[in-house]
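Please read them alongside the sequence and the model.

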Amino acid sequence: MSPEYDSSAQAKERLSQIAVEATQLLEETKTSYGEVKELIQQGVKNAMTALEQFAKLQNLKAEAMYLSLRHDVEVEELELPNSGLESLTAFWRDLESTLQPVGPSADWLEKIRKMEERRRRSPALTPEEREELELRLKENVCPLCVSYALDGTCTNQSFETCPITIFLDQVVEMIEDMGHRPWMEDYFERMYRDICPGCQGRVDKDYCPPREQGDCSLFTYLPSVVKTIETFLKERAEKKVIAEESEV
Ligand code: SF4
Ligand code: SF4
């Protein structure tokens with residue numbers, strides 16, 4: 001099994017090596033599959049030739065038998081070749097099972113499962129990160145919001161706590177998972193799919209009163225929320241790289 005890569009710099013280096021190895025192996029694999037295909041095509045061609053030859057042999061045998069019967073002369077019986085169909089059937093079965101697509105090794109699948117489990121258990125944000133992100137959202141989104149009062153308080157009637165705060169971890173996970181998308185529609189669709197079903201605001205799948213009334217700040221200001229979180233995540237990743245590099 002490959003060693004662990006503890007820093008993201010090491011992981012990036014290994015990822016470039018993987019890309020090079022994979023490109024080379026991909027070409028070699030394509031060549032090997034191509035050769036197998038050519039051999040099979042040649043085998044089918046040879047089988048057709050053998051079939052024609054066998055049919056001619058059968059006709060010769062029949063003609064000899066006919067002449068022997070008609071003129072009462074003895075003929076030596078023609079021996080016909082064995083097609084080897086039985087051993088070919090076994091060979092074909094082996095070939096078919098060898099050509100079935102294979103998955104990664106059990107070791108790698110287990111490592112991926114454990115890593116996914118670990119990511120699921122760990123919160124998207126540490127308490128400090130959450131505090132900082134909430135502050136940035138307050139600075140960037142609240143002044144745009146219809147529920148924002150000039151004294152800085154929130155007058156939202158539909159929620160005791162702002163929906164952006166309620167679903168902050170999920171929104172962060174959603175954005176991390178999606179990566180950057182050029183279309184806001186993608187974020188809205190993911191929000192309807194991943195976040196809205198767990199929200200008490202909506203009455204049914206297609207009707208959400210806070211959203212209709214402009215009281216769901218998450219929905220109304222999603223573009224600003226996404227932008228703020230993306231910037232935060234980018235900066236967090238850059239800080240992590242700097243910290244790792246200073247450790248090396
Ligand atoms: S609803 Fe949310 S975004 Fe709007 S003012 Fe209140 S806290 Fe800010
Ligand atoms: S759109 Fe409706 S269901 Fe979705 S988060 Fe906002 S209030 Fe909740």
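1. The C-alpha centres of domain 1 and domain 2 are 58 Å apart. Domain 1 covers 8-111 and domain 2 covers 123-247, with bounds from an automatic or database domain assignment.

2. This is a predicted model, in which local features need pLDDT of at least 70 and side-chain atom pairs count only at pLDDT 80 or more, while totals for chains, interfaces and linings use all residues. Residues are numbered from 1 along each chain as its sequence is written, and chains are lettered from A and ligands numbered from 1 in the order in which they are written.

3. Which residues touch the most other members of the largest nonpolar core? They are Val141, Ile164, Val171, Leu218, Val225 and Ile229, in a core of 20 residues. Such a core is a set of buried Ala, Val, Leu, Ile, Met, Phe, Trp, Tyr and Cys residues joined through C-beta atoms within 7 Å; buried requires 20 or more other C-beta atoms within 10 Å of the residue's own, with C-beta atoms placed from the backbone. Two or more core residues come from each of α4 (127-140), α6 (168-178), α9 and α10 (222-247); helices here are DSSP runs of H or I, at least four residues, numbered from the N terminus.

4. Around ligand 1 are Val141, Cys142, Cys145, Ser147, Tyr148, Cys154, Asn156, Cys162, Ile164 and Ser217, each with its C-beta atom, placed from the backbone, within 6 Å of the ligand. This shell has seven nonpolar, three polar and no charged residues.

5. The shell around ligand 2 includes Cys196, Cys199, Cys208, Cys216, Arg202 and Arg211. Helices α8 (209-212) and α9 (217-220) each give two or more residues to this shell.

Technical notes
Buried ≥ 20, exposed ≤ 12 C-beta atoms within 10 Å, placed from the backbone. Nonpolar A, V, L, I, M, F, W, Y, C, P; charged D, E, K, R; others polar.
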